[in-house]
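Have a look at the fold below before reading on.

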Amino acid sequence: MEQTVRYDLAGHVATITYDRPEKLNAIDGAMREQINAAFSRFRVDDEAWVAVVTGSGRAFCVGADMRSETGSAAGDFPGSFWERPTVNSFESGWEINKPVIAAVNGHCLGYGLTLVTWCDFVIASERATFGFPEVTVGIPTIVGAIRLPQKINWQYAMELLLTGERIDAARAKEIGLAGWVVPHDTLLDEARALAARLVRAAPLAARATKEMAVRAPGLGAVDAIRFGEAMRRVAAATEDAAEGAAAFRERREPVWRGR
């Protein structure tokens with residue numbers, strides 16, 4: 001099978017690269033398998049604490065490959081007609097409580113933008129564009145419609161979802177979709193610099209904090225606090241928590257082990 005997704009690990013930072021540049025990183029069935037395998041590897045790899053996701057060539061990802069003959073871009077199980085949801089990839093709902101940075105290097109459309117809505121940080125090249133073109137070809141945007149209004153102002157979200165139009169990087173930053181816009185040639189450097197800041201944190205504490213932030217909006221206040229205090233007790237019993245306390249007392253940098 002042609003390799004269309006690369007996974008590289010260096011210093012607790014996994015870089016996942018969509019690598020089908022001749023198709024602008026459009027996703028076909030074969031590429032979907034490799035995307036899912038990459039995120040599954042990141043999710044279970046104890047040495048991978050942060051991920052950077054980017055694309056090769058001039059696109060981040062332009063969505064589904066509408067001309068593909070190698071299977072559905074949604075994967076082996078695209079959901080049944082009505083009863084069963086499609087939760088078979090990171091951008092459609094897999095829970096990954098490790099920090100994920102999107103380094104958006106170019107066109108970011110459809111599935112590409114859906115992925116970005118699940119990322120914790122979005123750093124955009126000055127060349128990046130963003131859009132959900134599905135309605136212009138008669139298809140509703142589903143997961144994007146769930147996630148985008150949770151990330152940005154309702155009206156800006158609905159403008160993107162219901163017009164199918166694209167916006168540039170500057171506009172993406174203006175509406176809160178991107179956190180940073182940087183020169184194209186420094187994009188990965190900026191993403192890796194942020195990743196380096198993130199790996200200084202205790203990895204288990206960081207994951208518990210992200211999970212708390214994700215789950216809290218769906219809980220009532222008392223339930224959220226109860227869940228959070230349970231998470232705190234679990235985290236406090238780890239080796240990293242003991243190391244953090246010892247490092248503080250001894251006025252040195254902690255050495256995290258993720259356990």
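In what order do the six strands of the open sheet run? The order is β1-β2-β3-β5-β7-β10, with mixed pairing. Keep in mind that this is a predicted model, where local features need pLDDT of at least 70 and side-chain atom pairs count only at pLDDT 80 or more, while totals for chains, interfaces and linings use all residues. Residues are numbered from 1 along each chain as its sequence is written, and side-chain values use heavy atoms, leaving out hydrogens and water.

**The sheet**
- Helices (H or I, at least four residues) and strands (E, at least two) are DSSP runs, numbered from the N terminus.
- At the edges sit β1 (5–10) and β10, each pairing on one side only; to pair, two strands need at least two DSSP bridges between them.
- β2 and β3 run parallel, joined by six bridges.
- Threonine 17 has threonine 54 in β3 as its bridge partner.

**Helix α6**
- Helix α6 (residues 187–198) has 12 residues, so at 1.5 Å a residue it should span 16 Å, and its end C-alpha atoms agree at 17 Å apart; the expected span is 1.5 Å times one less than the number of residues.
- Leu187, Ala191, Leu194 and Ala195 are the buried residues of α6, buried meaning under 20% relative accessible area and exposed over 50%, with partly exposed in between (1.4 Å probe, protein chains only).
- Exposed Asp189 and Arg197 are on the face of α6 turned away from its buried side.

**What covers the helix**
- The cover over the buried residues of α6 includes β2 (13–18), β3 (50–55), β5 (100–104), β7 (121–125) and β10 (180–182).

How values were computed: Contact = heavy atoms within 4.5 Å.
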